[in-house]
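Before anything is built on this model, I would ask you to read the following points alongside the coordinates.

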Amino acid sequence: MKPFAIGKRKIGPGYPVFIICEAGVTNYGNFNLAKKQIDVAVAAGADAVKFQLWRTENLVSKKVAQRLEKKLGYNWFERLKYKELSQNEIKRLAMYAKRKGIMFFATPHDYESVDYLVHTIHVPVLKVGSGESHNYEFLRKVGSTKKPVIISFGMQSDFEIKKAISVLKNSGAPAILPMHCITMYPAPYGMANLPRMSVMQKLLKLLVGLSDHTIGYHVPLGAVAYGAVAIEKHL
């Protein structure tokens, strides 16, 4: 469980906790609001700001979304599409973050977004969200980029977690940072389950972090006491 680097930033024992501000989808696809998220991350003294990149057409069938709209009570395609930031907007946000002096990266949700982030934006690290962390074909794509990988595990079993790490390693990922997370927004304090981090450390023989969905700073502080070397917190 040795320290490793993301860009010029060393992460691990003996180094400050790596703080990620997760912009997520709370900008609702509004570019100007996304820029303000970067400003807030800088003002907070975070090490990095993270966005999400996808093309809804690559994830959701318009035809199926229309067919299920009455049953679900909403159109799943439209629900994702209006929150989407374009590739060009992500590029402009990356340039803005660079001017502001903060590391920029993103969570890709499809193959096209992986390629764009790696070959056009040149992100220093890729983030895999818990929703994709047992999609082993997708993990092979991510690992093959030879970028360090931060990966959140929420509802995965121990078997799925071990397999995910193995797939990433065998595909070429040079460094992997698994993150414990609870897939509720917001997550109640009583469900934080921070001892799970110790289990993950022993299971994977890797440094671990926390992708936190609780309100406040109490759970992240507890996570650091459990050995978290990185904290991801939603804006």
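The numbered points below describe a predicted model, and each can be checked against the structure shown above.

1. The largest pocket. This pocket has a volume of about 980 Å³, and among the 37 residues that line it, those closest to its centre are Val25, Gln52, His109, Tyr185 and His234. At least two lining residues are supplied by each of β3 (18-24), β4 (48-53), α4 (76-81), β9 and β10 (230-234). When the lining is divided by class, 16 residues are polar, 12 are nonpolar and nine are charged.

2. The second largest pocket. Here the space comes to about 370 Å³, with a lining of 17 residues, of which Ala94, Lys98, Phe104, Ile121 and His122 lie nearest the centre of the pocket. The elements α5, β5 (103-108) and α6 each provide at least two residues of this lining, and α5 contributes the most, with five residues. Nine of the lining residues are nonpolar, four are polar and four are charged.

3. How many cavities of 30 Å³ or more does a search of the whole structure find? The search finds one, and the volume of this largest cavity is about 50 Å³. Its lining is made up of His180, Cys181, Ile182, Ala187, Ala192, Leu210, Ser211, Asp212, His213, Thr214 and Val219. The elements that give two or more residues to this lining are β8 (176-181) and β9 (209-212), and β9 gives the most, with three residues. The class division of the lining is six nonpolar, four polar and one charged.

4. Helices α1 and α5. The axes of α1 (residues 31-43) and α5 (residues 87-100) come within 10 Å and cross at roughly 25°, which means that α1 is roughly parallel to α5. The crossing of these two helices is right-handed. From α1, the residues Phe31, Ala34, Lys35, Ile38, Asp39 and Val42 meet Glu89, Arg92, Leu93, Tyr96, Ala97 and Lys100 of α5. The residues of this contact comprise seven nonpolar and five charged, with no polar ones.

5. Helices α5 and α6. The axes of α5 and α6 come within 11 Å, crossing at roughly 35°, and the crossing is right-handed. On the α5 side the contact involves Gln87, Asn88, Ile90, Lys91 and Ala94, which meet Glu112, Tyr116, Leu117, Thr120 and Ile121 in α6. Five residues of this contact are nonpolar, three are polar and two are charged.

6. Helices α6 and α7. For α6 (residues 111-121) and α7 (residues 136-143), the axes come within 10 Å and cross at roughly 15°; α6 is therefore roughly parallel to α7. The crossing in which α6 passes α7 is right-handed. Tyr111, Val114 and Asp115 of α6 make the contact with Glu137, Phe138, Lys141 and Val142 of α7. This contact has four nonpolar and three charged residues, and no polar residue.

7. A cis peptide bond. Most residues other than glycine have a negative phi, and most peptide bonds are trans. Which residues does a cis peptide bond join in this model? The bond lies between tyrosine 185 and proline 186, with omega at about -10°, and proline 186 is in the loop between β8 and α9 (195-204). Please inspect this bond with the first point in mind, as Tyr185 is one of the residues closest to the centre of the largest pocket.

8. A positive phi. Lysine 146 is not a glycine, yet its phi is positive, at about 65°. This lysine 146 is placed in the loop between α7 and β7 (149-153), and I would ask that its backbone be looked at along with the cis bond between tyrosine 185 and proline 186.

Definitions and conventions
Residues numbered from 1 in each chain as written. Predicted model: local features only at pLDDT ≥ 70, side-chain atom pairs only at ≥ 80, totals over all residues. Heavy atoms only, no water. 1 Å grid on protein atoms, 1.4 Å probe; cavity = no way out; pocket = protein on both sides within 12 Å on 5 of 7 lines; lining within 4 Å. Points joined across faces, edges and corners; volume = space filled by probe spheres on them. Helix = DSSP H or I, 4+ residues; strand = E, 2+ residues; numbered from the N terminus. Nonpolar A, V, L, I, M, F, W, Y, C, P; charged D, E, K, R; others polar. Axes fitted to C-alpha atoms, helices over the stretch in contact; angles between N-to-C directions. Parallel < 35°, antiparallel > 145°, perpendicular 65-115°, else oblique. Left-handed = near helix turned anticlockwise from the far one by under 90°. Contact = heavy atoms within 4.5 Å.
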